[in-house]
Each structure stands twice: as C-alpha cells, then as structure tokens.
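Hello,

Here is the structure for you to look over. My notes on it follow below.

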Amino acid sequence: MSDSRSFECCSHESNPSRGVGIGSSFGCAMGALVDGHFDEELENGLVLGVSCEPGIENEPETKVIQDAVKVLLLGLGEDINREGLRKTPFRVAKALREGTRGYKLKVKDIVQSALFPEAGLDNGVGHAGGVGGLVIVRDLDLFTYCELCLLPFQVKCHVGYVPSGQRVVGLSKLSRVADVFAKRLQDPQRLADEVCSALQNGIMPTGVAVVLQCSHIHFPNFASAFLNSNHQGWFKTVVTSGSGVFENEKDIIWGEFLSLLKFRGIDIDACSRVSGDGCWCPSQNISTVEPADSEMVTAVTSIIQSLGEDPLRKELLGTPTRFVRWLMNFRNTDFKMKLNGIDRYRMSPFESNGDVEDSIQSELNLSLWSQCEHHLLPFHGVVHIGYFGSEIDVIGKSLFQSIVHFHGFKLQVQERLTRQIAETVSLLVGKDVMVVVECNHTCMISRGIEKFGSSTATMAVLGRFSTEPAARAKFLQSIPPTTGE
C-alpha cells in the first residue's frame, strides 16, 4: 500500500550519483537549494503578490528595530551582508510590528460598531442567546509574543457571554477583540483578563467567560539537546477569566460553558493550569552562568520600547537578557565539526544484491531544533535518514543525532539544512543517502500569516536514491505518520 504523502524530487547537479533534491509535501517549502537563490530572485524583480504595510520601512520605529537586529546578528558572529541575512533586519522589524499592532488599536471602536438589538424574551427568564442566554464562540486561533522571552506562543481561545439590555454583538467582533490584546507582549492570565474586561465594558452583558489554551515552544539549549533526546517541545497550560455571572467558577453557568466546550473535545480539567507564582514561560527554568552581551541586551531593550512597551515594566525587566541568552544558542562558530567516530564507523562501500528492500536502512524521528535566519524565529521537527548498507551500531546511530543538532543549532533555512545533513551523513555511511525533514515553523503562525497547523517537509537525495525511484518510494513508506502535538 503506498504512502498517502507525496514528495517532489529534483536534481540540481549534473552528476546523478551526487544529486541533491529538495521538495515539499506539507505547508510550504521554498525549494531554494542554492544558498541565497531565493533572495536573489526577489532582488531581481520577482513579484510574489505579497505587500507590506505602505511606508512601514520608512517609519522611525522600523529603523530602530532594524538597527537593533543588526547588532544581534553581529553578536552571533554573522555577516549581515551575506545572502539570506541582508533583508533579515527588515523582515524581523515587520514581523514584530505586525505581531504587536494591538498597542495602536482601540477595542471601543470595534465593539460599538457591531452592537445589534435583539429582544429575546420579555419576562426575564431568558435572553437573546436562548433560555439561559449563553453565547459561545469556540476555537479562535491566536498567537501572541511572550513578554518573558519574546518568543511567540499559540492560543486556542474560547469566549462566551450572556447578553443583556436586549443587544448582542457581532460574533466576529469577539475574535477581533481577542486579537487586539493578543497582538501585544503578553502573559496568558493577563491576556484572558484583558479580553474578558474589554468585552464586559464594551458589551455590558450579564457576564463574560474566557478560556485560553496556550502552547509555548520549549526550546532546549545546545547542551541539553545532546543530553536529552526526549525533550518535550511544548509547554501547555490553560487559563480562565470571568466577569458578572461568571465571576465564580463553581457556579452552574460555568459548568454549562465548559460542557459546550466538551462537545468539541475540549476538556480543560485534563490540562495543567498556571501556578500561583506565574512562572509559565520555559525560559524561567533555564539557568546559565554565562553573562549576556551588554550591547545585545541594549538592542533588545530598544526593540521592546519601539513596539510601544515600557522596558522598565516589572514583567519586562529580565526579558532582554533572557532573549539574548536564548539567541546565543545559534551563534556562528568557526570550529569545524569533529565527528570523532566518523573514520572508525565509516562503512565500506556497499555492494548491492539487487534487492532494494533488504539493503535500505533507516533512522527515523531524530529531533531537530533550529532558528529561521529570515525572521529569527524558531522551527522544530524531526529528521528521517535512509541509506544503503548494513545497520550501524548504537554509537554510530548517536552520530546521526549529533549531525542533526550540529547543523540545527545555527541560523538556518530548512532547505539548506536538509542538504547539509545529507552531505554530512554521507561521510559516515557512504554516498547513497536520503534525508527527509519535517518541521513546524513559528514564522508560519506569526507575521500576519497565521497558518496554524501547517508544517513543512523537505527532501534531499544522494547517490542511488537520486536515480532509483523504487528506493525513494521504499524509504518514504517507512516514515511513520505524523502525530499531533
């Protein structure tokens, strides 16, 4: 039975035995095999039909953020003029300003234009939402930036209210109000409280209830990634907020609200809650004795201020330092990768007996963590490696994971990363190698794109895999289905 997923493969070298192919199956893969090729096309006039906010590049806040990003890139040891990074300062500035535009929006303007009369029942027994009066909008996908580490986190938002005064609000406005506060530097509980308060004051209902299911990427540092192959990639929590008849979570109406969520398989009782100390961000649990670069810290402080925030606000005081320490995981170092076991475990040339099934070996679901060089946002996923030959031992297998981490912990694009992994693995097992990388990119839920649930797959093939479709098909069928987060 064939695998339902399909991959496109294209060779970019004249020698098929060393061909490298990259393609995509899920989400969007750029297909730019040659470093900088995509940027070069853009600079030569390729029009993608994507435009940014008019004049944003000339605004002083954008300029401040761009200058700060250049400081960060230099602090990582990068060449800010190299292909792939030249436009990164503007990309980052645009993404941050888009992701924090809520500071300039007013909830009152959104709500007041969308209040509609609805008589409901005159005897006071029920309201516009029916007997009991409850109106719920579920599964609103939001993203926001964590105020403690400046990394985006995902939010599944559920909002309910009981109308009063014979008026209701347009349902889309519930989503827009939630988005206004999500587009700011946030903490889960404050986000829920602000949405609840804004709707209570704007609609004047009998009560408002808000439930947020929040997922924060839990990114390991370079050392812990090597030590813990089972690192959990997400920290998840649930927060609630209520006003009016929802002030007491033990009241019957809260039970009715939660029952309507359970119809969609949403059970907040099975989810963890933020503890009383409010330490929900994984960055709070990372300890390091290495001091943060003062120039980089100052640069991040200027970014926060340019977004419309007060860097001296209590919750933001340590944010620049935490962000810099996290970012330094991806510093560009001059040392060459030393795979001490590569000569010891280098396999002798494999002599095929013509049986593809018996000769293909695979290592699947190797964890990958990296940082997008275009937007300075993280991406993570798994790597699958196939090769011709005899199965290598445990130590040799650990080298595969080391290769993945080495190429992952730096500023990257997934297409180049896939090729680099394939070429390095070929030094260990020979020229016949196939690599598939599956990743979730944070930049796909931020920057105004907000493609929640999308993922990207890229593929590289060397040697026999570039010339034998049966070999590629056999390896692809061995890749297990992707499971949910």
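Strand 8 (residues 360-372) and strand 9 (residues 377-388) are paired in the antiparallel sense over 11 bridges; strands count as paired if DSSP finds at least two bridges between them. Helices (H or I, at least four residues) and strands (E, at least two) are DSSP runs, numbered from the N terminus. The model is predicted: local features need pLDDT of at least 70 and side-chain atom pairs count only at pLDDT 80 or more, while totals for chains, interfaces and linings use all residues. Residues are numbered from 1 along each chain as its sequence is written, and side-chain values use heavy atoms, with hydrogens and water left out.

Tryptophan 369 stands opposite histidine 380 in strand 9.

Elsewhere, leucine 72 lies in helix 2 (residues 60-75). Is leucine 72 buried or exposed? Leucine 72 is buried, at a relative accessible area of 2% (buried is under 20%, exposed over 50%, partly exposed in between, with a 1.4 Å probe and protein chains only). Beyond its neighbours within four places in sequence, leucine 72 is in contact with Met296, Ala299, Val300, Ile303, Phe323 and Leu327, where contact means heavy atoms within 4.5 Å. Its C-alpha atom is separated by 9.9 Å from that of threonine 298, 226 residues apart along the chain.

Regards
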